[in-house]
Amino acid sequence: MSENTAGLAPDIAAVLQAMVASDAPPIIESTPEEAREGFRVLMVHLRGPQHLVNGVTASEDTVAGFPARVYRPDASTGPLPTVLFLHGGGFVIGDLDTHDPLCRLIARDCEAVVVAVDYPMAPEHPFPEPVEAAIAAAREVHGRLGELGGDIRLAVAGDSAGGNLAAVVTQQARDLGLTAQLLMYPTVDPGGTYASREQNATGYFLDTPTMEWFFAHYVGTETDQALLSDVRLTPLGGDLAGLPPAVVVTAEFDPLRDEGEAYAAAMRQAGVPVDAKRYDGQIHGFANMDHIAPSSAKAATDDMLVRFKALLHP
């Protein structure tokens with residue numbers, strides 16, 4: 001991590017400094033299993049009772065053959081919109097527990113049923129297996145809306161790699177009539193060249209070596225233009241006309257910032273209603289950092305959920 005904290009929100013700068021001080025090995029020096037456990041330490045084990053998101057009931061389920069968790073807000077009655085949630089983690093790390101608080105926030109603050117699916121991950125299940133699992137999950141959830149407690153509205157949401165999968169689902173499952181999408185700092189053009197990848201290459205949690213480590217596990221070290229042009233990997237190259245309204249969230253100090261904003265602009269040009277918001281002073285993954293950056297990251301996440309709720313409850 002870099003010691004340059006200029007422009008960062010103070011609590012985010014403190015988080016990065018603490019990561020430097022911890023002297024924990026970087027992901028690129030870890031096995032996938034070690035990286036998964038390290039991510040769980042940060043996102044699960046560092047949370048205390050004071051960080052519990054109240055007002056939501058969660059139940060375990062299975063969707064398309066994969067473990068799933070269904071969240072329902074306690075204060076809401078009657079059928080609600082349903083949100084399929086696909087977690088981030090570079091297609092390699094992350095699980096139902098690492099993103100449990102975020103799913104609870106979406107359910108409570110957006111007044112929605114949230115169905116989080118623990119899709120298979122690389123390197124054990126490389127591209128396109130996670131994509132196929134995400135599409136299969138969307139189709140099953142769509143067929144179970146009444147059972148799950150939702151009405152006819154189905155939206156999709158995801159962060160980072162999950163944002164990639166969510167974007168792909170909206171393109172590949174158009175027949176489901178999805179009503180909204182929430183893409184949090186998504187990777188949508190892995191082969192592209194963007195200024196933010198240079199500006200934020202190191203020092204801000206997600207860095208270039210880590211992205212390369214994730215990508216190598218997901219698609220292998222040998223890539224060609226045909227693979228990079230596959231819209232199941234690069235949704236920016238897909239047909240964007242007719243997609244559901246979107247909230248696209250980016251962070252100022254994120255190497256993925258510019259491609260997320262490019263995707264928002266491309267959707268808008270294709271006629272899709274888009275609410276694009278860059279959160280200044282924030283880094284990649286801030287929506288999962290309410291417990292370690294309780295001021296600025298929480299405020300940004302709260303604002304994001306207000307925007308998404310407006311799409312779910314127009």
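Q: What is the relative accessibility of alanine 64?
A: In this predicted model, the relative accessibility of alanine 64 is 26%, so the residue counts as partly exposed. Partly exposed covers the range between the buried limit, under 20%, and the exposed limit, over 50%.

Q: And where is alanine 64 found?
A: Alanine 64 is in the loop between strand S1 (56-63) and strand S2 (66-73). Those two strands form a hairpin, with two residues between them.

Q: What is the phi of alanine 64, given that it is not a glycine?
A: Phi is positive there, at about 55 degrees. Alanine 64 lies in the turn of the hairpin that S1 and S2 form.

Q: In what sense do S1 and S2 pair, and over how many bridges?
A: The pairing of S1 with S2 is antiparallel and extends over eight bridges. As one example, valine 63 has phenylalanine 66 in S2 as its bridge partner.

Q: How many bridges are there between S2 and S4?
A: S2 pairs with S4 over four bridges, in the antiparallel sense. Alanine 68 has valine 117 in S4 as its bridge partner.

Q: Changing topic: what about the phi of phenylalanine 91?
A: Phenylalanine 91 has a phi near 70 degrees, which is a positive value in a residue other than glycine. The residue sits in the loop between strand S3 (80-86) and helix H3 (100-109).

Q: Is phenylalanine 91 buried or exposed?
A: Phenylalanine 91 has a relative accessible area of 7%, so it is buried. The cut-off for buried is under 20% relative accessible area.

Q: On to the prolines: what is the peptide bond like from alanine 122 to proline 123, cis or trans?
A: That bond is cis, and its omega is near 0 degrees. Proline 123 is placed in the loop between strand S4 (113-117) and helix H4 (129-143).

Q: Which kind of peptide bond joins phenylalanine 127 and proline 128?
A: A cis bond links phenylalanine 127 to proline 128, with omega about 5 degrees. Proline 128 is placed in the loop between S4 and H4.

Q: How accessible is proline 128?
A: Proline 128 has a relative accessibility of 21% and therefore counts as partly exposed.

Q: What separates the C-alpha atoms of proline 128 and valine 219?
A: The separation between the two C-alpha atoms is 8.3 Å, while the residues are 91 apart along the chain.

Q: Next, isoleucine 106: where is it found, and what is its relative accessibility?
A: Isoleucine 106 belongs to helix H3. Its relative accessibility is 0%, so isoleucine 106 counts as buried.

Q: Which residues does isoleucine 106 touch?
A: Leaving out residues up to four places away in sequence, isoleucine 106 touches Phe85, Glu111, Ala112, Val114, Leu305 and Phe308. Isoleucine 106 and methionine 304 have C-alpha atoms 9.7 Å apart in space, although they are 198 residues apart in sequence.

Q: And strand S6: how many of its residues are buried?
A: Five of the five residues of S6 (residues 180-184) are buried, so the strand is largely enclosed by the rest of the structure.

Q: Which way do the S6 residues point?
A: Ala180, Leu182 and Met184 point one way from S6, whereas Gln181 and Leu183 point the other way. All of these are buried.

Q: What joins S6 to strand S5?
A: Five bridges join S6 to S5 (residues 150-159), and the two strands run parallel. Glycine 158 is opposite leucine 183 in S6.

Q: Now the chain as a whole: how many helices and strands does it have?
A: The chain has 11 helices and eight strands. Buried residues account for 56% of its 314 residues.

Q: What share of contacts joins residues at least 24 apart?
A: Among contacts between residues at least 6 apart in sequence, the share is 79%.

Q: Lastly, how many positive and negative side chains are there, and what is the accessible surface?
A: There are 20 positive and 42 negative side chains, and the centres of the two sets are 8 Å apart. The accessible surface is about 12,200 Å², with 54% belonging to carbon and sulfur atoms.

Technical notes
Residues numbered from 1 in each chain as written. Predicted model: local features only at pLDDT ≥ 70, side-chain atom pairs only at ≥ 80, totals over all residues. Heavy atoms only, no water. Buried < 20%, exposed > 50% of the residue type's maximum accessible area, 1.4 Å probe, protein only. Contact = heavy atoms within 4.5 Å. Areas by Shrake-Rupley, 256 points an atom, 1.4 Å probe, with all protein chains shown as cover. Lys, Arg positive; Asp, Glu negative; His and termini not counted. Charge placed at Lys NZ, Arg CZ, Asp CG, Glu CD. Pairing = 2+ DSSP bridges.
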